[in-house]
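User: I have a model open and want a quick tour. Can you walk me through the strands, the domains and the chain contact?

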Amino acid sequence: MADLTLATLAAQVFTGLVLGMILVLLAIGLSLIFGLMTVVNFAHGSLYMLGAYFGFFLVAYTKSFWLALVVAPMLVGVFGLLVERFLVRRLYGRSIDDPLLLTFGLSLVLVEAVRLVWGKIGLTLDPPPALAGVVNLGFTYFPLYRLFVIGVTVVVLVALLLFLEKTNVGLIIRAGSRDPVMVRALGFDLGRVWLLVFGIGTALAGLAGILAGPMRGVYAEMGVTIVIESFVVVVVGGMGSLPGAIVAGLVIGQVVSLTTLFAPKFAEIMVFIVMALVLLVRPSGLFGEAGLME
Amino acid sequence: MHRRSFLVTGTAAAAGLAFPAVLRAQGGDAIKIGFPGPTTGPFGALAKDQQQGAVVAMEEINAKGGVLGRKLEVLFRDDQLKPAVGAQRTKELIENEKCEFIVGGLAAHVQMAINEQTKKAGKLFISVSQSDEISAKPDAGPLTFHEALNPTITGRAVAAWIAQNLGKKWWIVYADYAWGKQNNAVFSEVVKKQGGTVLGATPYPLGNAEFSAHLPKIVAAKPEVLIAVTPGADDIAFLKQAASFGLKKEMKIAQPLHWLPYLKEGGPDLYADIYAGINFSWQLEDSIPEAKNYVSLYRKKYNEPPGDYGAYAYSAIHEVARGIALAKAVNSDAVAAALIANPAYNHYKGKQWWRACDRKSFQDLWIVKGRDRSKMKGEWDFLDIVQKVAASEELDRTCKEKGFA
């Protein structure tokens, strides 16, 4: 690149930040669920897709993107509650493969169901008029909507961390992921905590979906590749680690963005190369604790 | 009535109620045409248009009594845009369903896999989607026909027009698979011949929906024209993101092709002022009688005008029927020989013909431009037809260049 300027590079980093934000939202949910329940939720990509579809129809019927932005993740969260209560719950205490197979199967069912109900052809979701413009950042023009995505993600992450660190429920969740037997012995009903965490994790996937919809379109297969990237983020960050998911999500976003700038052919594969390198140096990921997978 | 016979007749009756069209088509001894296509995935909307075009042709032919007194039956299968699945579905269509002819295959790389199977089985295959290799050695077999345009023809026609009318400093973004790479090659070659330059060319994986990381360096490079080789659903994602980053104001955007299903999905604001080539647009019904016939049959059945790629499928099914009628035999070799011996045909947009050496169909194409919303007459009126490019064998590589002596 002969004409690579600082402005282009800055624009590229900013673009990568948005890619990272969506990954962080997905990875946080995955990591929460894994950290507490050691459930590898393969249906996460399909829940992301459901969030976008719910968002599309809420916008279509209520004409309000803002309402949809709040309600669509809640609907996905409620769906997540049902999945935990009636499907995943039956498999606790079994090997880690069983819930993995269950959620993998569920992801296939959801994609087919969406194709049956809403058709095989994708839908277009537009950002709300208030966010449709372009902003001059000084070094580049940037879509307002993408800045909004960064803002929403930051707000949600701060709220989530405050919830986990400052509230009693958060304390129980954190304790439950360290030592579930002891938490039970102290008289807490972990079943309800699991339900809640599964709901929060899936709602975050739904939020990522409706946020991504106006950028990438809404289609049944939209979760298929991003769930793999999200797992890469979780693995790089350390299974079950929330700071790990945030840092790794932002790192992977930059990896994709900067590889696209310098060597676009390798943008896809580079994600996996980075994962392999991290695992060579730190087998449990950047912030992971050893032994969780056993 | 015994329980068993009750079940048998009951099920048959229920099936008859549920699938009357299928039963009727199978009654007698229908001539089966297998049709694999990616009905799921990013090309789903195009595959649907192709299936509908094929159904319109089938029903039109059957309404006139079929071919050689037999009805046609087209069997559709989903190849999921994957070469391995396309090969498997084709093999099943030939071996289990006893299809003598295969039409279909919507992606350049999947049609290669379909073609391998039809070559192995000795069956006639009419490809209805773009590819340079499908009508060249070593891929083209003696029974491989290519109804669609290809990147060389489209590229030479469209790229030359863009270079002469929109500007000569280009950036190319292309899907990193057969059709995208072929387009990148042809467009680059043509603009250089026209005295222009390609400032940069960026590949991306087909089926991708996130292009933002490609955009800053395109903005920085300041090309006059951005060539977006972004097929199927990728197109809408790409154009939306390009517009949201302000590219539409900074440069002209042009593409090898427009597709009606994606014009509809993306809407006129997305496509306004974007130039491309096209093999067919329904507005041609005003000037071409065959187009009027196709458009009105399609409208009657589906309540919307036909798209461009569906027309390829419509024409290809008609060609199979024409070949069978000419050969007076339901046999791939005989039909292929009959079509080559009688190469000229005209099913939907004016005269086309098969070139004997590579069994490539030559046909007119058009340069079009996304119409401004305020000028649209009706919800499907997305395109201004800018110019017709008449069918010419000179737009394609020669028989010799394609490996045929």
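User: How many bridges join β1 to β2 in chain B?
Analyst: Seven, between β1 (residues 31–37) and β2 (residues 72–78) of chain B, which run parallel. Strands pair if DSSP finds at least two bridges between them. Helices (H or I, at least four residues) and strands (E, at least two) are DSSP runs, numbered from the N terminus. This is a predicted model: local features need pLDDT of at least 70, side-chain atom pairs count only at pLDDT 80 or more, and totals for chains, interfaces and linings use all residues. Residues are numbered from 1 along each chain as its sequence is written, and chains are lettered from A and ligands numbered from 1 in the order in which they are written.

User: Which residue is the bridge partner of B:I33 in β2(B)?
Analyst: B:V74.

User: OK, domains. What are the bounds in chain B?
Analyst: Domain 1 is 3–149 + 288–362, and domain 2 is 152–278 + 365–395. The bounds come from an automatic or database domain assignment. Their centres, taken over C-alpha atoms, are separated by 29 Å.
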